[in-house]
Amino acid sequence: RGVLGLISTNSIAEVDSRRSSLEPIKQDGGMIYRAQHSTSWPGQAAVVISIVHIAKEWEGECMLDGQPVQEISSSLVSLEQTEQSPTTLLTNSHLGHSGSKIMGDGFKLNSMEHLALLHEDKNSGNLIRHLLGGSDITENVTVMPSRFVIDPGQLDESEIQEFPAIYSRLQKQVLPSRSVIKDVAKKKYWWRFAGPSLALYKSIENLDSCLVCCRVAKYVMFDVVATHSLLGPLVFDESVVVVALGDDVSFSTLQSTLHSLWVDKWGSKMGTAPRYTATEVLETFPFPLTNENLREIGSRYLSLRQECKEAAGDGLTGIY
């Protein structure tokens, strides 16, 4: 008849954390008899926590956020609020991907570093692309890449050595940190991105534009960006989620309150900010049938929102 009290970050009730902790406890007969879903840590740390009390046997009243309920689910909601998690829809599978996990600041260039590499070896330009990050989406008036990136693709070491200025930079600024990590592949291929997200670029290779959002932001905010720049295919970093759709209907749908509520219900969070995970909130989301109303609404909304950004001199987070 033992009991357990647990203090955790509030992510314990979300997606993967829940599936590997509270869910199997419930399935094995454990009873959550008292819980606070989300509350601020009483100290100085800016952390949102959950407090969970679990018993092997419990015959008394269950209390959720100070209110009596019939039963508390592994999602830390009452039994009457509990629904079966949505499953992946085939039409949505592989629509969304996180950007490349670059793992090495030596790959990233500001304007001066970009020009210096070109001055040292003009052929360096063949491997340099524009890099779009999450802050470019949320903070800039116009969504434009603010940095450059060396993109070696799947080149072998002998091939990257044909670009001496780039090879020298990566040797000095990437190799030292990669050589001490445990991951064998990332250490062996230190001159490549740690996670190139090849499926992402394959999904948008025939598109002129695509939808993007910041993976973790205060609000769910989508924008439409071109898939190519003057330097070739755009590179997205891991703070960006890319959706292989670029039309106004899709923008209208994913920017809607309905989708935001879906993300809030079925997605996870970093603190109190939603974390957009495509497998959980995009691949499971039922899109409406295409119609011209959504197309017109999406186009008008996108234009009006850009006017608001320009008038305020602020990015998406600021105006929202």
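Contact here means heavy atoms within 4.5 Å. This is a predicted model, so to speak: local features need pLDDT of at least 70, side-chain atom pairs count only at pLDDT 80 or more, and totals for chains, interfaces and linings use all residues. Residues are numbered from 1 along each chain as its sequence is written, and side-chain values use heavy atoms, with hydrogens and water left out.

Q: What is phenylalanine 236 in contact with, leaving aside its neighbours within four places in sequence?
A: Quite a list, including Leu131, Leu132, Tyr201, Val212, Val225 and Val242.

Q: What makes the largest nonpolar core a core?
A: The term covers buried Ala, Val, Leu, Ile, Met, Phe, Trp, Tyr and Cys residues joined through side-chain atoms within 4.5 Å, where buried is under 20% relative accessible area with a 1.4 Å probe, protein chains only. This one has 34 residues, and Phe236, Val212 and Phe222 are among those with the most contacts inside it.

Q: Which element gives the most to this core?
A: That's β10, with 5 residues. A second, separate core of 21 residues includes Leu109 and Val174.

Q: Why do β10 and β11 count as paired?
A: Strands are DSSP E runs of at least two residues, numbered from the N terminus. Two of them pair if DSSP finds at least two bridges, and β10 (residues 209–214) and β11 have 5, so they qualify, in the antiparallel sense. Cysteine 213 stands opposite phenylalanine 222 in β11.

Q: What makes β6 and β11 edge strands?
A: The open sheet runs β6-β15-β10-β11, and β6 (96–98) and β11 (222–226) each pair on one side only.

Key
Helices (H or I, at least four residues) and strands (E, at least two) are DSSP runs, numbered from the N terminus. Buried means under 20% relative accessible area, exposed over 50%, partly exposed in between (1.4 Å probe, protein chains only).
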